[in-house]
Amino acid sequence: MSRVFDIFRFRQKKTPLHSLDPRAKFAILLALSAASLAFSDPFSLSLLLLVEVILLKIAKSLSELISSLRGLTSIMILIFILNYLTLPSGRLYTSIAMSLRFLSLATAFSVFFLTTTPDELSTALEVSGVPREYTMMFTMSLRFVPSLARDLQTVSDALRARGLELERGGLRERLRNYTYLLVPLLVYELRRSLMVAEALEARGFGAVRKVEPFYELRFRAKDYLTLALSCCALLIIALLHLTKVYSVFTSELARIIP
Amino acid sequence: MRAPKSVAIALAPLFASLTAAGAQLALPVGPVPVTLQTLFVLLSGMVLGGKLGALSQALYLFLGLIGLPVFAGGRAGPWVLTGPTGGYLLGFIAGAYVTGRLAEGGSSLGRLVVSGAAGTAVVYMLGVAQLAYWLQGDFNKAVVVGVVPFLPGDALKVATAALIARKVKARLKRLAERGWSL
């Protein structure tokens, strides 16, 4: 399962997509995910997938998608079976479309997250008007998750060394074992959080209302171009969705495929 | 709990990541695994209070939304929130808020248990509503699948959360009296 998330983890590479402004990349993400939700036939969704694969190819990250394809396919098969069993008519057609929709949504998100660092993301949030406290909390949670996993391992190792078997006994016994694990863990983590708070205070957090972001974001020509193209794509998707053109096309397709 | 802003900012991410860790700790009860997520949802409300507790859970959902594998079973992505079990996750925010508001009044064990039970009920309400929507509006089936198997585990979790929260709150109170210095 963990392989699935490889497509969401940032990797440092030198490609045109990596050097784009995060806000421009967000526009791409918006257009791609809107397209995967607006279209509901296998043909358009395959076409969309092709576009995403080309984008990943530009980002030199196609191998990440391929390595996590096994995990993704198991989810796709699950979605296929669920739809196939519950739908009254046009089962094959819709089931294929739904699994393709999942794949194209996942790929759309991976295009964004494979090429955007967490620091860039929080700077982009800050520049877009999200209050500094919230972006601060966002980056802090990103760092807390792995270190918490490590501390959890440390405390449970310490308990095991003292002869406590965490994975034994009935529900009640196990929950009691968890309190032995959680009270020291919580106290430990609270202490560390308060140290972080002290470090924030020491650096004068909240003393100045307006703080310049550490990383500077600049919109260059290619960012404007990307933004314009994404907006055009969004407009076309909306037009296709609202006008009758697309629904005529899908009903024709549905007649051919059972 | 009146805490300076820096303390609040450091504590909300902590509880967001604790809920993420709780999603990976599962108790095998009957056919469905019971995760410790709601334990931390309740604890975040009890320890941080309503507003900050809800904020910590919103942070948790945001982490999962952008693709970190923090939901139960290592899942992530917006489709988890819109899927059959997404209602429970959205319920975490409301549940932490309700628990927190009720627990802000004091830290007696009885009060904490009642606030935890109320918060759990809120999580269930939102969870069942979305589950029923996915089961073609079959409300009874949603309750049978989505509430009944988890009730014994949740009763124990409410009790455990109350016990832990009392200890942690007492410790934080001592810290507050010393001006939040370690």
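1. Across the interface of chain A and chain B the rule finds 3 residue pairs in polar contact, both residues of each pair being at pLDDT 80 or more; a polar contact is a pair of N or O atoms within 3.5 Å, where within protein one must be able to donate a hydrogen and the other to accept it, and where residues adjacent in sequence count only if both atoms are side-chain atoms. The rule also finds 1 salt bridge across this interface, namely that of A:Glu133 with B:Lys5, whose closest N and O atoms are 3.5 Å apart (a side-chain nitrogen of Lys or Arg within 4 Å of a carboxyl oxygen of Asp or Glu).

2. On the basis of the coordinates: this is a predicted model, in which local features need pLDDT of at least 70 and side-chain atom pairs count only at pLDDT 80 or more, while totals for chains, interfaces and linings use all residues. Residues are numbered from 1 along each chain as its sequence is written, chains are lettered from A and ligands numbered from 1 in the order in which they are written, and side-chain values use heavy atoms, with hydrogens and water left out.

3. The contact between the chains (heavy atoms within 4.5 Å) takes 44 residues from chain A and 51 residues from chain B. About 4400 Å² is buried between them, and carbon and sulfur atoms give 86% of that area; buried area is the accessible area (1.4 Å probe) that two parts lose on being put together, summed over both. Within chain A, the residues that lose the most area to chain B are A:Leu175, A:Leu186 and A:Leu194, which together make up 14% of what that side buries.

4. The side of chain A that touches chain B draws at least two residues from each of H5, helix H7 (132-161) and helix H8 (171-202), helices being DSSP runs (H or I, at least four residues) numbered from the N terminus. H8(A) gives the largest share of that side, 22 residues.

5. Within chain A, the assignment, which is automatic or from a database, gives domain 1 (1-116 + 221-258) and domain 2 (119-218). The C-alpha centres of these two domains of chain A lie 33 Å apart, and their contact takes 11 residues from domain 1 and 7 residues from domain 2.

6. Domain 1 and domain 2 of chain A bury about 580 Å² between them, 61% of it on carbon and sulfur atoms. A:Pro22, A:Arg23 and A:Thr116 supply 65% of the area that domain 1 buries against domain 2, more than any other three residues. Across this domain interface the rule finds 0 salt bridges.
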